[in-house]
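This report is written for a reader who has the sequence and the model at hand. Please keep both in view while reading.

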Amino acid sequence: MLRTEDLRKRFPDGTEALCGVSLVLRAGEMACVLGSSGSGKSTLMRCVAGLIEPTHGAVWINGRPMTSAGERERRRLRGHMGFIFQQFNLVGRLSVMTNVLIGRLGRVSPAWAILHQFGRSDRACAYRALESVGLAEKARQRADTLSGGQQQRVAIARVLAQEPFLVLADEPVSSLDPRLADSVLGHLLRINREDGVTTLLNLHTVELARRYADRIIGLGQGQVVFDGPVHALDHDALELIYGPAGETGSADEDEEGARAGTAREVVAV
Amino acid sequence: MRGPLARSSRSDPWEEPLQWRAAGRVVLIGLAVIAVYAWSVQGTRFSLVELVRGLPDLWNLFTRMVPPDARRFSEYLGPAAQTIQIALLGTSMGALAAVPLGLIAARNVSPHQVICSATRVTLNALRAIPELVWALLFVAAVGLGAFPGVIAIFIHATGVLGKLYSESIESIDPRPVEAVRAVGADRTQLMLFSVLPQALPLMLSYVIYSFEGNVRSATVLGLIGAGGIGFEMQQAMRLFKYQEMTTILLITLAMVTLIDYVSGRVRARLV
């Protein structure tokens, strides 16, 4: 489904965000990347989506190479991959419906889209997507009039309208309060379970990862330091991912480990 | 207030020399400013004495301008309307031509670094040459009338709006653009669904603002034969019909004020 091989990324300022990440995601998996801030989680997501170029290594989506593909093939692959951002990234001045229809852009004929016009089937698909996140009645409203939680659900509807086989979610709930986080992650889980959409997401707390993911991938300093099913995520694994807990206090319980992770994020920001 | 902070700062060994240096800098800047003004006064032979000496003549001219002669009032309305037409056509054509140029000149969306720089240089050139100069060229080329005025405004407006568009586009939020890129949109779709929706209100507001200025410019263009109310003004002045000129000036004043007012209201609603 998704395979990365020895993915490396060095930014122009010299930061080594990824130092050889090799991963295989099987179809239908719900995998969560954990790691402290600066561990390369976002960079990994963006490299997989082809939004940034890795310095070295390759990404295959469904057996097709992403990294070495031409721009047209890349666009086609991106059309089948949904990406959810921490800050929702809706086009605020456009209506909710148009934002969801943007998810169809990879599929529609370019000529029609020039006039902001979409075919009947595209509109129906977008409307169904909006219905499934419970925001159909907001379709005509401007996207920036919605609350953060609603905006993230519109972003999920945009991904659904893509009819993707892979969803990448980069810190999808870090800007939301816990109750909204559950609602948003619930939608992602449902898409994974019901439609069998492979999902790779990164989360800011261990507790959420335990509740929603099947598999945990721990990143530390740009390398995979842990990779296993969610029940294998014990004290030792967390120390591997977030470093010795002694530095930030006791980490006997899961929650403590989670807090250690977030505490580091705060410091790094 | 003599807290421990005040005392410790006084013992700061760096403080005194720094203050002296700052004072020295102020004096230097002051001298430089005075020198620049002295140079300008000298270069322009600016003299208050001359101004006072000229006052009787100015008064003389003023008395010959009042009361305004409004007998041909209705004959000036057509040319006044033509001035607005010149500004409207020129600005609109410029506003359209500037869209692709503005997109190419915006560093964040430009297709290529070299094309971007070349477009910026071109826009600068179009903008640096005043409408008046363009109009002189086109009056010479196609003859007197409103048409060369339209072309002059069009060219200048393209340069101004292209630059302002590119700045509007550079100020947009890049995150929605990345999101639209992530769904597999091509370059055109990216512009239409994420770049332009964000930049458009500001761009439109610049268009209206430029129209405002172009009504004034179109008036001036008439003075060199490019049609409109300015042409009438120049005729009246040349024939020493100062009282008629006052009427024309009042019409111009009313017209410009009205346009500024309306466009100001529209812009306030846009942004």
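Apart from neighbours within four places in sequence, Ala27(A) is in contact (heavy atoms within 4.5 Å) with Met1(A) and Thr198(A). The model is a predicted one, in which local features need pLDDT of at least 70, side-chain atom pairs count only at pLDDT 80 or more, and totals for chains, interfaces and linings use all residues. Residues are numbered from 1 along each chain as its sequence is written, chains are lettered from A and ligands numbered from 1 in the order in which they are written, and side-chain values use heavy atoms, with hydrogens and water left out.

Ala27(A) belongs to the loop between strand S2 (16–25) and strand S3 (30–34) of chain A. Helices (H or I, at least four residues) and strands (E, at least two) are DSSP runs, numbered from the N terminus. Ser174(A) is in the loop between strand S7 (166–170) and helix H7 (178–195) of chain A. With its neighbours within four places in sequence left aside, Ser174(A) is in contact with Gln86(A) and His204(A).

Is each of these residues buried, partly exposed or exposed? Ala27(A) is exposed, with a relative accessible area of 63%, and Ser174(A) is partly exposed, at 24%. Here buried means under 20% relative accessible area, exposed over 50%, and partly exposed in between (1.4 Å probe, protein chains only).

The table gives two pairs of residues with their C-alpha separations.

| Pair | Apart in sequence | C-alpha to C-alpha |
|---|---|---|
| Ala27(A) and Asn192(A) | 165 residues | 10.0 Å |
| Ser174(A) and His235(A) | 61 residues | 23 Å |

## Helices of chain B

Helix H6 (residues 131–142) of chain B has twelve residues and spans 16 Å from its first C-alpha to its last, close to the expected 16 Å. The expected span is 1.5 Å times one less than the number of residues. Which residues of H6(B) are buried? They are Glu131(B), Trp134(B), Ala135(B) and Val139(B). These residues lie on the same side of H6(B) because they cover an arc of only 135° around the axis, the arc being that of the directions from the helix axis to the C-beta atoms. The face turned away from the buried side of H6(B) carries the exposed residues Ala140(B) and Ala141(B). Among the elements that cover the buried residues of H6(B) are helix H5 (113–128), helix H7 (146–170) and helix H9 (187–223) of chain B. Just after H6(B), Gly143(B) has a positive phi of about 95°.

H7(B) has 25 residues and reaches 36 Å between its first and last C-alpha, close to the 36 Å expected. Of its 25 residues, 19 are buried, so H7(B) is largely enclosed by the rest of the structure.

## Cores and interface

A nonpolar core is a set of buried Ala, Val, Leu, Ile, Met, Phe, Trp, Tyr and Cys residues joined through side-chain atoms within 4.5 Å. The largest has 77 residues, of which Leu34(A), Leu105(A), Leu130(A), Leu188(A) and Leu233(A) touch the most other members. H9(B) gives the most to this core, with nine residues. Another core, of 30 residues, lies apart from it and includes Ile151(B), Ala152(B), Ala236(B) and Ile248(B).

Between the chains, 28 residues of chain A are in contact with 19 residues of chain B. Chain A and chain B bury about 2100 Å² between them, 63% of it on carbon and sulfur atoms; buried area is the accessible area (1.4 Å probe) that two parts lose on being put together, summed over both. One salt bridge is found across this interface, where a salt bridge is a side-chain nitrogen of Lys or Arg within 4 Å of a carboxyl oxygen of Asp or Glu. The side chains of Arg46(A) and Glu178(B) form a salt bridge at 2.9 Å, N to O.
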